[in-house]
Structure formats: structure tokens, C-alpha cells
Amino acid sequence: MKDCIFCKIIQKDIPARIVYEDDLIIAFDDINPQAPIHTLIIPKVHYTSLNDIPLERLDLLGHIMDKIREVAAIKGIAETGYRTVLNTGGDSGQDVFHIHFHVLGGRRMTWPPG
Ligand code: 5GP
Ligand code: ZN
């Protein structure tokens, strides 16, 4: 999608530190990390948010979940633990409107979230 920063990363028009990539998704390090490990995982097809993914594409979410644990293993936080965050819409703090999962780790997380 035109003017979407994450679509530009997919197209390699904007550089990113890519952690993992396949036909369906790409994972790259967040530009403003909130933990020692902070990686984003996005589908290559542009969906604005969770609300935008049609029922017939829910398989994509299963694939992303599988790759989240693979990214955690690549980053060395599978055993120590990690937090996965999916912000949806204004109140959640979603800033980029191309669905993305945050994977955070390498420090002790707090609860409740801010
Ligand atoms: P949101 O608040 O929408 O859930 O998270 C958006 C995330 O995207 C933020 O953590 C922000 O730091 C990250 N981000 C925004 N622009 C870029 C970019 O150009 N490159 C990378 N690698 N991350 C970005
Ligand atoms: Zn996009």
C-alpha cells in the first residue's frame, strides 16, 4: 500500500534489520526498541489491523504465531521468556496501521502494561 512505512520495508525501499523472512511474513528489529530484544513481525499483505483480517485469512495468524516462536529462538529469548503484543486501534496505542506483532524480551517485563 502506498504511503505505508511497513509496506516500504517489505519492498526494501526503507532499510531494516531483517531477522526472518519468507513468502508470507517478514520480521525486523524495531527502530525504537523498548527492550533489549524488540522485533516486529508483519504479513507481507497489507492489513490495517486485526479487525481487517478476513476469516478466510486467519491461517496467516497461525503462521505468524509459529514464526514468533522461531524469532524468539533466533534472538535467544525462547527459554528466558518474551512478551508478544498486538495493538489494535487508537486506544491501544497503535501508531502504524499495517498489522504487526511486537516480540519483546531480554529483560523482566512488568504488568499491568501502560
Ligand atoms: P505500534 O505503536 O503501532 O504498535 O508500533 C509501531 C512500532 O513500529 C513502534 O514500536 C515503532 O518504533 C516502530 N517503527 C515505526 N517506524 C519504523 C521504521 O521505519 N522502522 C522500524 N524498524 N520500526 C519502526
Ligand atoms: Zn502496509
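Q: How much of the protein is buried, and what makes a residue count as such?
A: In this predicted model, buried residues make up 39% of the 114 residues. A residue is called buried because its relative accessible area is under 20%.

Q: What secondary structure does the protein have, and in which order do the elements run?
A: The protein contains two helices and five strands. Read from the N terminus, the order is α-β-β-β-α-β-β.

Q: What share of the contacts between residues at least 6 apart in sequence joins residues at least 24 apart?
A: The share is 55%.

Q: How large is the accessible surface, and what part of it belongs to carbon and sulfur atoms?
A: The accessible surface comes to about 6900 Å². Carbon and sulfur atoms account for 53% of that area.

Q: What makes the pair Arg 69 and Asp 66 a salt bridge?
A: The N to O distance between these side chains is 3.1 Å. A salt bridge requires a side-chain nitrogen of Lys or Arg within 4 Å of a carboxyl oxygen of Asp or Glu, so the pair qualifies. Both residues belong to helix H2 (residues 58-75), and because they are three residues apart there, about one helical turn separates them. Arg 69 is exposed at a relative accessible area of 52%, whereas Asp 66 is partly exposed at 29%.

Q: Which salt bridges does Lys 67 form, with Asp 66 and with Glu 70, and at what distances?
A: With Asp 66, the closest N and O atoms are 4.0 Å apart. With Glu 70, the N to O distance is 2.8 Å. Lys 67 and Glu 70 are three residues apart in helix H2, so about one helical turn lies between them. Glu 70 is partly exposed, with a relative accessible area of 31%. Salt bridges that share partners join Asp 66, Lys 67, Arg 69 and Glu 70 into one network.

Q: Is Lys 67 buried or exposed, and how do you know?
A: Lys 67 has a relative accessible area of 10%. The cut-off for buried is under 20%, so Lys 67 is buried.

Q: Why is Ile 68 called buried, and what is it in contact with?
A: The relative accessibility of Ile 68 is 3%, which is under 20%, and therefore Ile 68 counts as buried. Ile 68 is found in helix H2. Neighbours within four places in sequence left aside, Ile 68 is in contact with Ile 41, Tyr 82, Thr 84, Phe 101 and Val 103. Ala 27 is 41 residues away from Ile 68 in sequence, and their C-alpha atoms are 8.8 Å apart in space.

Q: How do you know that the peptide bond from Trp 111 to Pro 112 is cis?
A: Omega of this bond is near 5°, and the bond is cis. Pro 112 is found in the segment after strand E5 (101-105). For background, most peptide bonds are trans.

Q: Why is Asp 3 called exposed but Lys 12 partly exposed?
A: Exposed means over 50% relative accessible area; Asp 3, at 62%, therefore counts as exposed. Lys 12, at 47%, lies between the cut-offs of 20% and 50%, so Lys 12 counts as partly exposed.

Terms used
Residues are numbered from 1 along each chain as its sequence is written. Chains are lettered from A and ligands numbered from 1 in the order in which they are written. This is a predicted model: local features need pLDDT of at least 70, side-chain atom pairs count only at pLDDT 80 or more; totals for chains, interfaces and linings use all residues. Side-chain values use heavy atoms; hydrogens and water are left out. Helices (H or I, at least four residues) and strands (E, at least two) are DSSP runs, numbered from the N terminus. Buried means under 20% relative accessible area, exposed over 50%, partly exposed in between (1.4 Å probe, protein chains only). Contact means heavy atoms within 4.5 Å. Accessible areas come from the Shrake-Rupley method with a 1.4 Å probe; for residues, only the protein chains shown count as cover.
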